[in-house]
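Reader: Before we discuss any assignment, please show me the model, and then set each value against the definition it rests on.

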Amino acid sequence: MNDMSLMNLQAGKTWVGAAAIEALAAGLRGKVLEASDVSYDQARAIWNAMIDRRPALIVQCAGASDVVNAVRFAADNKLLVSVHGGGHNIAGNAVCDGGMMIDLSPMKSVRVDVAAKRAWVEPGATLADLDKETQSFGLAVPTGINSTTGIAGLTLGGGFGWITRKLGLTIDNLVSADVVTANGELVRASLTENGDLFWALRGGGGNFGIVTAFEFQLHELGPQVLSGLVVHPFADAQTVLQQYREALEAAPDELTCWVVMRQAPPLPFLPQEWHGKEILVLAMCYCGDMAEGEKATQRLRSIGNPIADVVGPNPFTGWQQAFDPLLTPGARNYWKSHDFIALSDPSIRILIDAIGKLPGPECEIFIAHLGGAVGRVATSATAFPQRNSHFVMNVHARWREPAMDPPCISWARQLFDAAAPYSAGTAYINFMPEDEVDRVEVAYGDNYKRLAEIKRQYDPQNLFRMNQNVRPVEGRRMM
């Protein structure tokens with residue numbers, strides 16, 4: 001241990017001596033990192049390069065017992081705690097300044113029971129880790145669209161992607177979870193065990209403990225799906241979006257189609273003269289019979305006069321990684337998001353106007369289409385609040401140079417404000433940046449009161465507050 005660094009760790013009025021930290025490290029299968037360790041900077045780096053925080057301690061956990069020891073140490077010493085799974089959270093909640101980062105990334109095990117159609121997944125696994133293992137057996141669980149995302153954060157916030165309309169949210173396929181609570185106990189949460197905690201975990205984020213294992217229901221899928229992109233000139237955006245909206249009214253649950261609006265990257269199937277120009281992309285996936293998929297996608301593919309249509313059979317694992325090149329780590333990112341019940345003409349005009357003001361070549365707008373199985377679950381059945389929203393808009397500002405922070409952030413905020421009157425009022429918490437702490441209660445709607453009550457039961461001191469925070473109901477002192 002470096003006596004001049006860790007022995008002077010301070011959080012509030014608590015000083016943590018070197019001997020205590022050495023005792024913590026001796027009880028772990030994993031390891032404790034400090035600023036002087038060669039792997040410290042790599043361990044604290046996360047996906048969003050805007051976040052540059054320096055924990056005093058990083059505990060790299062090898063198993064559930066390490067998580068228990070880390071939580072107890074942090075609670076006893078009143079340390080600020082952050083929890084790192086995949087490190088993708090836009091707000092940067094995986095890493096804190098001056099406290100303890102509990103790093104789950106070494107815990108990547110994925111175990112599949114083919115007969116029972118179950119997967120047991122550790123919290124450091126990425127979507128790619130999960131897909132690779134499950135697809136080896138022709139099975140899948142619905143997750144997100146960027147394969148480097150961590151399964152833990154995605155699941156706790158809800159989780160949706162290409163097969164969600166057919167198979168539900170990630171949380172709708174969660175069977176149980178092993179959770180280390182704020183008092184350092186390892187408990188099981190399911191419909192029959194600690195049911196209130198299980199309800200809160202399904203959409204309530206990391207507020208209620210640290211999940212050390214997820215158990216998922218699996219579904220037969222693949223190995224191929226009908227998927228791909230249809231690229232349109234942005235000059236046709238209004239007509240394309242209106243016809244897109246109409247086509248989705250009759251779309252089967254197996255079909256998902258999202259919209260991406262941005263400047264064209266140098267994709268090999270696009271004519272070079274389109275590179276760098278504004279485009280509208282219909283990205284679609286059909287998770288069923290290929291012949292039926294050809295019929296189901298026909299109306300969407302017949303819209304307008306596209307520049308390119310590259311929809312065809314693709315490995316599901318490959319389609320899950322299709323957007324990875326646009327979402328690599330190392331860039332500065334800022335998001336704003338709304339849910340919409342419908343994609344109205346006024347909201348379409350606002351989106352079109354915003355693309356005309358793009359502040360940089362990597363900035364874009366995503367429109368995800370939900371509905372289907374998502375909407376057949378009652379709003380009160382899980383913490384996830386937006387069961388009735390058919391569309392999720394994510395305004396994704398992305399750039400490289402710090403000097404571009406003001407124009408890119410301003411662009412995202414202006415679009416968010418302009419679209420607010422047409423939104424549902426709820427929001428996907430995984431898309432909320434760190435400056436939206438006042439929006440959390442509104443985002444959860446009627447579910448917030450129950451979440452706050454469960455928070456008081458499992459974390460009355462708000463130890464787990466580096467998240468889209470649900471505060472314990474009043475009546476007990478909070479940190």
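This is a predicted model: local features need pLDDT of at least 70, side-chain atom pairs count only at pLDDT 80 or more; totals for chains, interfaces and linings use all residues.

Reader: What makes Arg301 buried or exposed, and what about Asp309?

Author: Buried means under 20% relative accessible area, exposed over 50%, and partly exposed in between, with a 1.4 Å probe and protein chains only. Arg301, at 18%, is therefore buried, whereas Asp309, at 33%, is partly exposed.

Reader: What does the salt bridge between Glu220 and Lys117 tie together?

Author: The closest N and O atoms of Glu220 and Lys117 are 3.1 Å apart. Glu220 lies in strand β13 (residues 219–220) and Lys117 in the loop between β7 (110–113) and β8 (118–121), so the pair ties together parts that are 103 residues apart in sequence. Strands here are DSSP runs of E of at least two residues, helices are runs of H or I of at least four, and both are numbered from the N terminus. Glu220 is exposed at 60% relative accessible area, while Lys117, at 28%, counts as partly exposed.

Reader: How do you know that Arg202 has no salt bridge?

Author: The nearest side chain of opposite charge to the buried Arg202 is Asp172, which is 6.0 Å away. The side chain of Arg202 does reach the backbone oxygen of Phe198 at 3.1 Å.

Reader: How do you know that the length of helix α12 agrees with expectation?

Author: The expected span is 1.5 Å times one less than the number of residues. For the 15 residues of α12 (residues 405–419) that gives 21 Å, and the end C-alpha atoms are 21 Å apart, which agrees.

Reader: Why are the buried residues of α12 said to line one face?

Author: Among these buried residues are Trp411, Leu415 and Phe416. Seen down the axis of α12, the buried residues fall within an arc of 155 degrees, so they line one face of the helix; the arc is that of the directions from the helix axis to the C-beta atoms. On the other side of α12, Pro406, Gln414 and Asp417 are exposed.

Notes
Residues are numbered from 1 along each chain as its sequence is written. Side-chain values use heavy atoms; hydrogens and water are left out. Lys and Arg count as positive and Asp and Glu as negative; His and the chain ends are not counted. A salt bridge is a side-chain nitrogen of Lys or Arg within 4 Å of a carboxyl oxygen of Asp or Glu. A polar contact is a pair of N or O atoms within 3.5 Å; within protein, one must be able to donate a hydrogen and the other to accept it, and residues adjacent in sequence count only if both atoms are side-chain atoms.
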